[in-house]
Amino acid sequence: MTTATAQAFANIAFIKYWGNRDNTLRLPSNSSISMNLDGLYTRTTVSFQPSLPFDELIINGHEVTSHGLDRISYILDIIRGMANIHERAEVMSENNFPSGAGIASSASAFAALALAGSKAAGLNLTEPELSRLARRGSGSASRSIPGGFVEWQAGSGDEDSFAFSIAEPSHWDLVDCVAIVSAAHKKTGSTEGHGIAWTSPLQSARLADAPRRLEICRRAILERDFSTFASIVELDSDMMHAVMMTSTPALHYWKPASLEVMNCVRQWRMEGIAVCYTVDAGPNIHVLCLEAEAQNIEKRLHEIKGVDNVLVARAGGPAKIIENGK
């Protein structure tokens with residue numbers, strides 16, 4: 001038996017990934033920018049065992065079969081092909097935050113799987129190679145391999161569609177206060193959502209403007225310009241959800257409390273507080289602020305009706321191996 005344990009952080013996209021130009025390879029329609037979320041992680045152990053007749057998946061203590069297992073086996077098959085091995089694997093994974101609720105649980109999960117699985121198979125992949133492997137399981141997982149502030153280049157094909165760090169975690173004291181309005185698993189997952197993105201008449205306009213938004217966001221991060229950052233991040237988030245709402249079938253992820261949080265954030269900014277929001281494919285709102293405002297923002301979010309909990313995360317590091325052995 002060969003085994004390895006890896007840990008990877010969830011990430012929050014500032015410039016969103018929505019829609020693929022190749023669904024099998026998960027090649028994105030546009031490049032994106034994100035920040036890893038320190039403290040919100042998936043920890044995964046992969047053990048290749050000669051005695052196993054098939055792959056096994058256990059998430060947070062519960063065995064998973066059917067589609068969930070198929071996605072894991074797909075990545076393990078790629079790893080087996082690269083390492084020229086045939087053993088099936090036991091995969092044990094745990095999240096310390098809600099899964100399938102718009103907090104990028106698939107990103108951290110497939111990043112941790114790519115690293116643990118490849119290491120357990122005896123492979124020593126480079127960061128770009130790991131990012132490409134993780135991308136095959138979940139596009140946003142490519143961004144959870146590098147650390148800090150990360151850009152995932154759309155690339156021209158499989159070889160150059162990977163993520164890389166544009167700034168270390170310590171570069172900017174940005175804090176993500178995640179307002180949890182629902183911890184329930186969303187009815188329509190991101191994979192299905194990506195598949196219908198092009199049914200929206202707004203998707204082509206969103207993509208045409210994406211390089212401009214990407215450049216503005218990248219520069220705002222590098223210059224630590226929160227005002228510019230806030231305006232472009234909220235615009236990008238609203239554009240993605242406009243595409244979702246005008247797709248066929250329409251995707252409405254927001255809850256009444258989601259809208260209340262967004263309205264409050266806009267009001268707080270008008271009062272002079274450096275704060276903004278962004279929303280992934282789910283109802284929970286990522287409220288971004290600087291460290292000096294984090295305690296105040298967390299307190300205010302707790303006071304909003306419909307907010308069940310607030311998770312606070314700073315910029316996190318890269319995916320890493322925790323344990324490796326036989």
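**Close-up views of a predicted model**

**View 1. Arg 26 sits in the loop that runs between strand S2 (20-22) and strand S3 (27-28).** Helices (H or I, at least four residues) and strands (E, at least two) are DSSP runs numbered from the N terminus. This is a predicted model, in which local features need pLDDT of at least 70 and side-chain atom pairs count only at pLDDT 80 or more, while totals for chains, interfaces and linings use all residues. Residues are numbered from 1 along each chain as its sequence is written, and side-chain values use heavy atoms, with hydrogens and water left out. Arg 26 is not a glycine, yet its phi is positive, at about 50°. Most residues other than glycine have a negative phi. Arg 26 counts as buried because its relative accessibility is 10%; buried means under 20% relative accessible area, exposed over 50% and partly exposed in between (1.4 Å probe, protein chains only).

**View 2. Asn 84 occupies the loop between helix H1 (66-83) and strand S7 (88-95).** Asn 84, also not a glycine, has a positive phi of about 55°. With a relative accessible area of 63%, Asn 84 is exposed, whereas Arg 26 is buried.

**View 3. Thr 248 and Pro 249 are joined by a cis peptide bond.** The omega angle of this bond is about 0°. Most peptide bonds are trans. Pro 249 belongs to the loop between helix H6 (226-245) and helix H7 (256-270).

**View 4. Val 279 lies in the loop between strand S11 (275-278) and strand S12 (285-290).** Its relative accessibility is 0%, so Val 279 counts as buried. Leaving aside residues up to four places away in sequence, Val 279 touches Lys 16, Ser 237, Met 240, His 241, Trp 254, Met 262, Asn 284 and Ile 285; contact means heavy atoms within 4.5 Å. One of these residues, Trp 254, is 25 residues from Val 279 along the chain, and the C-alpha atoms of the two are separated by 8.9 Å.

**View 5. Cys 264 and Cys 276 are shown with the cysteines whose sulfur atoms are nearest to theirs.** A disulfide is taken as a pair of cysteine sulfur atoms within 2.5 Å, and by this rule the count is 0. For Cys 264 the closest cysteine sulfur is in Cys 177, 14 Å away, which is too far for a bond. Cys 276 is likewise in no disulfide, with the sulfur of Cys 289 at 8.8 Å as its nearest. Cys 264 is buried, with a relative accessible area of 16%, and Cys 276 counts as buried at 0% relative accessibility.

**View 6. The whole chain, for context, has 8 helices and 14 strands.** Its radius of gyration is 19 Å, close to the 20 Å that the globule rule gives for 326 residues, so the chain is as compact as a globular protein of that length. The radius is taken over C-alpha atoms, and the rule is 2.2 Å times the number of residues to the power 0.38. Along the principal axes, the C-alpha atoms fill a box of roughly 60 × 40 × 35 Å. Of the 326 residues, 56% count as buried. Among contacts between residues at least 6 apart in sequence, 75% join residues at least 24 apart.
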